[in-house]
Amino acid sequence: FFFTTTTASLSNLSILAQRNLQIQNSLNNNKILYILTALAEYNTGDRQTIKGQDRFKEILLPALVEGVTSMVQAPYFYQVDVYLILGYSLSDTKQQMLQNALPDGVGLEIWNDAMPMDYDNHSQKDQQDKPQFNSRALSRQHRYVIKDKLHFYDLFLAFEDDMLLKGHHVAHFLTMSQELQRLADEAPSAADLDADNADIPPEPQDPYKMNFASPMTKEQYQRLIPGFIRVEVLQDTSTKPQSKLDPITVGTALSSSISFDPVLCCHLQLPTLFPKTPVAKPTNQQVVIWETTVQALSLRKIVPDKTNNDDNNNNSNALHNEWLVLEPGPGKRLNDDLFIGGYWSGRNGAFGNEPKPTPGMPNLIAQQGGWMATKEQIIRISQNNCQPGSTLLPPFDEPIFRRDGQESNNVEFWSGGYQIYTGVKGGCNMQRVVSLQDFSQHLIYHTANNKQKQISQQRLVLVDTLLQQLHTVKHAAEQELTTTTTTIQ
């Protein structure tokens, strides 16, 4: 398999994209473990899937092979191994089919029948609890794999079996993570600031008064991690995106000049692998988001610390003065000193009296269908960011976790990112950020394309619509900054 690549002038790329190209050679030696978890070999017909469809052959294999091929070929040349966690036993024939389809040099390990066993605590009191398979805890199993392999790989991808992750997603995540770490290294710690001025208050948490363009502490920067947003491709003309848009008025100039690149997330380089996906090269008018809206999002401008900023320094951070989208999630059980505010899309009254949505709303949290993190990030998050008694890797002990994490913790907690990105019990409150300039790099394709059949039309938001709305919010934030600066002067 061969992928075509295009060469762009550095002058046409964002600063972060330029840094991506400049440091790519140093990142190419990264060893990646790509973990996929799959509950069923064949679709049951639930959730608007095709009953009896060979999910392994027609969904898992195509997305995995397309993604891994893009990672190991030019311009990335990553070293990738694959680990499948299956709720069934894969036949030798299908295992060989997958091995043959994967590029040369890609390792493959399979955990068959990986469903954990639990006790049925709902049986009558006069009966002994019965052992049973706990299907929702299958999504927990990748944590055991990561712990076992932690010191053998540099980056871990843990995703559901229908997500398409490409080489550019990995490269962008690594580059952005590196720049965020540099910001953290350069920023003063809260303790240093307290030593200089004990009266510095935490950031305000009122959505109408939040800081959105002020320097942050080291501890705040260490809460930031690149995030993603799932998208689907509309598969037929009968499915339409929302007709009633959120009340963010996008100007003509923005609507004609701001657009995302559907090639990055959703163009299939190996379309013959996807027999049930007729749209191999979708346009901007065919790609939708369904798990968040502009009303749930805020923007934060990265303002460099003046003591470390040097505009003439070639090593200045690629994120300096960039606008980042703050994805929903964090909030509960978060120390006030660690709170990171942003310019909420409703700050200027666009949504009337409607409050800002709470951070953990399932239909607005922008679930990713998985997560990725470097070895260093996994260790740091577990040690410094998770609630006391919680951890990303086993053992999962009481009182935070019950029954080794099998009780009450659902699929979204383990594989959907609720534990990492929210403040639920056992959560780590990591703040996902999306580069507004490089928005297209953060979109990942849900290749099953079944969500569009399950939910109402009003939840299907064109990516272009959301992106243009976010740029409109950015313009309002910049106007407020200008007004504030003028008033101070």
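## Helix α3

Helix α3 is largely enclosed by the rest of the structure, because 17 of its 18 residues are buried (under 20% relative accessible area with a 1.4 Å probe, protein chains only). This is a predicted model: local features need pLDDT of at least 70, side-chain atom pairs count only at pLDDT 80 or more, and totals for chains, interfaces and linings use all residues. Residues are numbered from 1 along each chain as its sequence is written, and side-chain values use heavy atoms, with hydrogens and water left out.

α3 covers residues 55-72. From first C-alpha to last it reaches 24 Å, close to the 26 Å expected at 1.5 Å a residue (1.5 Å times one less than the number of residues). Helices are DSSP runs of H or I, at least four residues; strands are runs of E, at least two. α3 bends by about 35° at L61 (the angle between axes fitted to the seven residues ending there and the seven starting there). P62 follows within four residues. D54 caps the N-terminal end: a side-chain oxygen lies 3.2 Å from the backbone nitrogen of F56.

## The five-stranded sheet

An open sheet runs in the order β7-β16-β9-β10-β17, with mixed pairing (strands pair if DSSP finds at least two bridges between them). Its edge strands are β7 (163-164) and β17 (461-462), each pairing on one side only. β9 (229-233) and β16 (443-446) are parallel over three bridges. There, I229 has L443 as its bridge partner.

## Strand β12

Both faces of β12 (323-326) are covered. W323 and V325 are buried on one side, L324 and L326 on the other.

Methods. Buried means under 20% relative accessible area, exposed over 50%, partly exposed in between (1.4 Å probe, protein chains only). A polar contact is a pair of N or O atoms within 3.5 Å; within protein, one must be able to donate a hydrogen and the other to accept it, and residues adjacent in sequence count only if both atoms are side-chain atoms.
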